[in-house]
There are 4 protein chains.
Amino acid sequence: MTARRRPRQERSQQTVDRIVAAGVRVLAQHGYQHASTNRIATEAGVSPGSIYQYFADKDAIVAEITRRLVDEFAAALTPALRRAASRPRGEATRVVIEAVLDALGQHADLLRAIVDRIPQAEQVATLQDVRTRLSDAIFNLFLIQGIDADEDALTRATWMIVEVSEHLTIRYVLDAPAIAREDFVADLERVIEGLTPTPR
Amino acid sequence: MTARRRPRQERSQQTVDRIVAAGVRVLAQHGYQHASTNRIATEAGVSPGSIYQYFADKDAIVAEITRRLVDEFAAALTPALRRAASRPRGEATRVVIEAVLDALGQHADLLRAIVDRIPQAEQVATLQDVRTRLSDAIFNLFLIQGIDADEDALTRATWMIVEVSEHLTIRYVLDAPAIAREDFVADLERVIEGLTPTPR
Amino acid sequence: MTARRRPRQERSQQTVDRIVAAGVRVLAQHGYQHASTNRIATEAGVSPGSIYQYFADKDAIVAEITRRLVDEFAAALTPALRRAASRPRGEATRVVIEAVLDALGQHADLLRAIVDRIPQAEQVATLQDVRTRLSDAIFNLFLIQGIDADEDALTRATWMIVEVSEHLTIRYVLDAPAIAREDFVADLERVIEGLTPTPR
Amino acid sequence: MTARRRPRQERSQQTVDRIVAAGVRVLAQHGYQHASTNRIATEAGVSPGSIYQYFADKDAIVAEITRRLVDEFAAALTPALRRAASRPRGEATRVVIEAVLDALGQHADLLRAIVDRIPQAEQVATLQDVRTRLSDAIFNLFLIQGIDADEDALTRATWMIVEVSEHLTIRYVLDAPAIAREDFVADLERVIEGLTPTPR
DNA sequence: TATGAATGAGGATTCATTCAT
DNA sequence: CATGAATGAATCCTCATTCAT
């Protein structure tokens, strides 16, 4: 469970927002271990006690931050996915990749705060969710497209595509290697294509 | 440098080893933030003060752990690299991947302690080193094999191959997805092949 | 600056006062090096953490103690200085000496804690300040009284008078030698008189 | 008690000397509280354990340092005192002051290490000795010179002269104020003269 | 005697959390 | 609801001292 109470009043909502925003800033600047609740409270212009009106403990703040990243990411992605549905396979892949890069880029700070500042093993909960949903989506996509290789092959392809895509897009956004975006997209598309099982 | 003093007596070496071993266990079990020096000392059967005979501070222990992982990994890999040198390209790739999986698998605990338990942003200099050396090696390999596409393409291919290979092999070893090893190797080989620039 | 936050509530002020008071007692009893923050906290009936609500570190407590001593000393001295202004030189000197002895005597414990328990080299900025202000005052007094020997002589006289007066009054108060106060005052007055440059 | 054993063998004596010398350096550089025995041992090129062959504890080192300062100071002073015996009063005073300044100046580092780096309250033992001996000498001098004011006056004069002389000469040597030595000596001589009881 | 590895109590400081106001 | 003072266990680290070799 994340939030202690889901505040309806506007002022409360504002307080929560300010805490979360402060959390992101403090996390980005000081890292997970030095992101003390007191610092977050100060940064948010809120008393330490107030934090515990809305969050059960420190980790709940991080969980909420993650949840928001995921939500906003999903929201930013939705239209692209819809658009992709009506395109031929190769183009669809490209459209989605572009959309992912855009979405990640818009929340680079948040992303860095979570991905680079929190140990993997602690990120689990919410992020694992996303990955699962992503995997399911891709797996279903295979089925829809009539790519019915044996199940093991589909599972494998799904796993590899998810891992590669997630990792590469995140690192591309966060590390900004000296690679032109169109080249990166083309390469990634080719990799995904190569990993997609061929219909029998 | 990591060590405070380079121990001469045998007892010292044992103590250092016990501290490092305890560090790995504690890291693996409790994660970076809860890996307190006192816990490590207790786990090592050593007094807290003893740690500071050999390590400048807590991070130095982590650094040493990382260094050992890297060293042992490199050692385990060397013969395979030599063997690979005399094989045709495709087979060489496969031989190296297999060797990497073996090497990583032998130190899965260590690997998990570092990769999953320490925030990326703190993962020490030593690891960056490895990545750099790996990149250089691959880049040179391209040149040696007469693959002289333009430099940008080589840089890009290097970056993508390193990121993909590192991430996939590590996740494969640590997450043990339900994928047959030979299939995984074949897939990864294919991805790498696909990313390798074609000679003009 | 010394305080971390300037307390608004009354309770805060009380806590600060209790910490400072405990600091004085602990300093007096155990000396600077054994005046641990934990001991001070215990003596103050306060948790260790509370100290750091109001003081940046241990030295800040000492600095605050010193500041208070200096302030109270200055306050106790002011009326005497005013009274002295309207007296002939010799008597004025005597009046001031008496006032200094009174002022120091009122804070003997504090004085001992600082002067005898803290190494000279660490005796904080605040004390240097006082000495500087004292020197300036005396130097100006010379000028006002039309004692215009050459500057070197004034500087020298100032230095010697400050050193002698400070040291003798402090030691008289702290060591309580078997000397009648009126005799001590007379002697010191004579010494100061002897060190005062004669007007040309 | 200071030394654990008074070593006769040459090598032992050398070790003690090195420890003491290292103690002075470390004290001067780091101050009393940060002058750890380990640091002293390292600086002396000796093992920590060896220190405890020759000194009961850390304070014994400081005590020994103090003792040496006092001894060397006394040694440096003796001839001057002898010379002074045959001079008229005023000149004798001057000769002694000059000798004191020389003696202190030769051991400025040692002096600073002790006087400025160790809390007064901890200097007691050995230094109090010197002061006592000095007081006795002056008191006797008064008697010898037939200055037989009442005992209280002698006691008072002795106390004041000792305090003033000790403090001023030490501060003059350590703080090096912008005062010509001959002027300083003349002033101090005048002060002492003024404090000396007049024969009835 | 000398060594230096080992000790462990103790020190300064932090920070998630509570609770009286 | 909000405040912010207070808490106190836990953290990293130091250092005088001991003792097996």
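Select R156(A) and D183(B): their side chains meet in a salt bridge, with 3.4 Å from N to O. A salt bridge here is a side-chain nitrogen of Lys or Arg within 4 Å of a carboxyl oxygen of Asp or Glu. Across the interface of chain B and chain A, the rule finds 6 salt bridges.

The model is predicted: local features need pLDDT of at least 70, side-chain atom pairs count only at pLDDT 80 or more, and totals for chains, interfaces and linings use all residues. Residues are numbered from 1 along each chain as its sequence is written, chains are lettered from A and ligands numbered from 1 in the order in which they are written, and side-chain values use heavy atoms, with hydrogens and water left out.

**Chains A and B**

Now show both chains. In contact (heavy atoms within 4.5 Å) are 29 residues of chain B and 29 residues of chain A. The two chains bury about 2900 Å² between them, 62% of it on carbon and sulfur atoms. Buried area is the accessible area (1.4 Å probe) that two parts lose on being put together, summed over both. On the chain B side, select Q33(B), R156(B) and W159(B), which lose the most area to chain A, together 22% of what that side buries.

Polar contacts come next. Chain B and chain A have 14 residue pairs in polar contact, both residues at pLDDT 80 or more. The term covers a pair of N or O atoms within 3.5 Å; within protein, one must be able to donate a hydrogen and the other to accept it, and residues adjacent in sequence count only if both atoms are side-chain atoms.

Which element gives the largest share of the side of chain B that touches chain A? Select α8(B), which provides 9 residues. Helices (H or I, at least four residues) and strands (E, at least two) are DSSP runs, numbered from the N terminus.

**Chains C and D**

Move to the pair of chain D and chain C. Select E122(D) and R117(C), whose side chains form a salt bridge at 3.7 Å, N to O. On the side of chain D that touches chain C, two or more residues come from each of α1 (10-34), α7 (120-144), α8 (151-175) and α9 (181-195) of chain D.

**Inside chain A**

Between the domains of chain A, about 830 Å² is buried, 68% of it on carbon and sulfur atoms. Select V24(A), L27(A) and Y32(A), which supply 56% of the area that domain 1 buries against domain 2, more than any other three residues.

How many salt bridges does the rule find across this domain interface of chain A? The rule finds 1. Select R68(A) and D17(A) to see a salt bridge of 3.0 Å, N to O.
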